[in-house]
Amino acid sequence: MIQSLKRNLYVLLISSLMFIFSIVFFLMIHENIKAKKNSELAYFNRMATTLILQLEHEPDYRTCLELYEGKRDMYFQLLFDTGHSLYQSEYIKNNTDIIDTFLAILLDTEGDFTYNPSRLEDNFYSRQSGTYTIQAINGKKHYCASSLIVTDHDAIYTVVAVKECSGFAALLKPELGYYFCIWCGVLASIVFLFKILAKKAVSPTEKAMQSQKDFIAAVSHECKSPLASILSSAEMIESVPGVPDTIKNHVQMIDSEVSRMSRLIQDLLLLSSLDAGNWSLHMDEINIDTLLINLYTKFEQICRKKNILLELNIPDECCPPLYSDADRLNQIISIFLEILPT
């Protein structure tokens with residue numbers, strides 16, 4: 001019982017604490033992923049700003065854009081001052097809905113960022129729009145930003161930069177092993193700690209239970225000797241010739257009670273073995289008629305002294321006549337024991 005209690009307490013405490021720690025730990029991971037997404041957005045803004053500076057002084061725009069595609073995983077659509085497309089990444093060609101959606105949103109929020117010849121005199125410096133998050137038809141999200149670039153060689157470009165947003169799994173994967181090691185380390189520490197604490201907490205109870213078991217075992221063994229002496233004396237009294245029937249009845253009562261005490265002692269020993277975990281179950285058949293008759297014989301005189309009517313009725317076909325006394329035989333009619341106060 002103590003072992004079961006200790007095991008249940010052990011599992012309950014560890015499960016509760018690990019559940020709380022897991023919730024806090026996953027919230028921290030979520031905040032870390034959120035910070036990474038913000039860092040990715042800030043990185044995209046920096047790259048878009050750096051691209052503006054490079055294209056202002058770099059006449060070979062294709063080499064510059066291809067370099068960003070290869071190392072920065074960014075994709076571009078470059079328009080000349082006439083509105084003619086000078087460069088378009090293959091990724092954007094396959095996902096034209098991204099540019100269309102972005103330009104529609106950009107037009108509604110910040111106005112037209114594409115080149116307009118009627119406003120050529122107003123374009124003295126480059127400028128960049130805000131960064132927007134666009135969801136494509138395939139479900140993927142992208143960062144988008146538009147830039148109007150005034151170059152040193154009297155050209156004006158409109159560049160739309162696109163970068164695919166990293167998903168939760170992609171941001172989590174590089175540090176997944178690190179997070180798993182932390183979680184397992186905390187679990188191992190809690191298991192070790194609670195193993196020690198549970199042992200110390202249950203140790204006094206185990207000692208008390210062990211003392212109780214030892215006491216029961218000692219008392220049970222000590223009671224066997226006097227019961228054997230009482231039973232032996234009762235048998236000697238019964239074997240004396242000429243003993244009245246009344247004395248014989250009392251001797252039989254002593255014999256029955258001694259047997260009962262022996263069974264109680266066996267039950268105590270069985271309880272001790274149950275606590276120790278080394279018990280075995282023995283099943284025996286019991287004749288219910290004999291049990292009822294023994295109960296009736298045992299309690300008949302006691303009930304008569306207390307003015308309680310005790311009847312035992314067993315059908316004749318269930319039990320053959322066992323007594324010569326006609327009054328006693330008439331009381332055995334059915335299979336139940338009924339105690340009724342007079």
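Colleague: What relative accessible area does Glu175 have?

Modeller: Quick caveat: this is a predicted model, where local features need pLDDT of at least 70, side-chain atom pairs count only at pLDDT 80 or more, and totals for chains, interfaces and linings use all residues. Numbering runs from 1 along each chain as its sequence is written, and side-chain values use heavy atoms, leaving out hydrogens and water. With a 1.4 Å probe and protein chains only, buried means under 20% relative accessible area, exposed over 50%, and partly exposed in between. Glu175 counts as partly exposed, at 25%.

Colleague: Which residue forms a salt bridge with Glu175?

Modeller: We call it a salt bridge when a side-chain nitrogen of Lys or Arg is within 4 Å of a carboxyl oxygen of Asp or Glu. For Glu175 the closest N and O atoms are 3.2 Å apart. The partner is partly exposed, at 21%, and its name is Lys36.

Colleague: Which helix holds both Arg260 and Glu257?

Modeller: The closest N and O atoms of this salt bridge are 3.7 Å apart. Arg260 and Glu257 are separated by about one helical turn because they are three residues apart in helix 7.

Terms used
Helix = DSSP H or I, 4+ residues; strand = E, 2+ residues; numbered from the N terminus.
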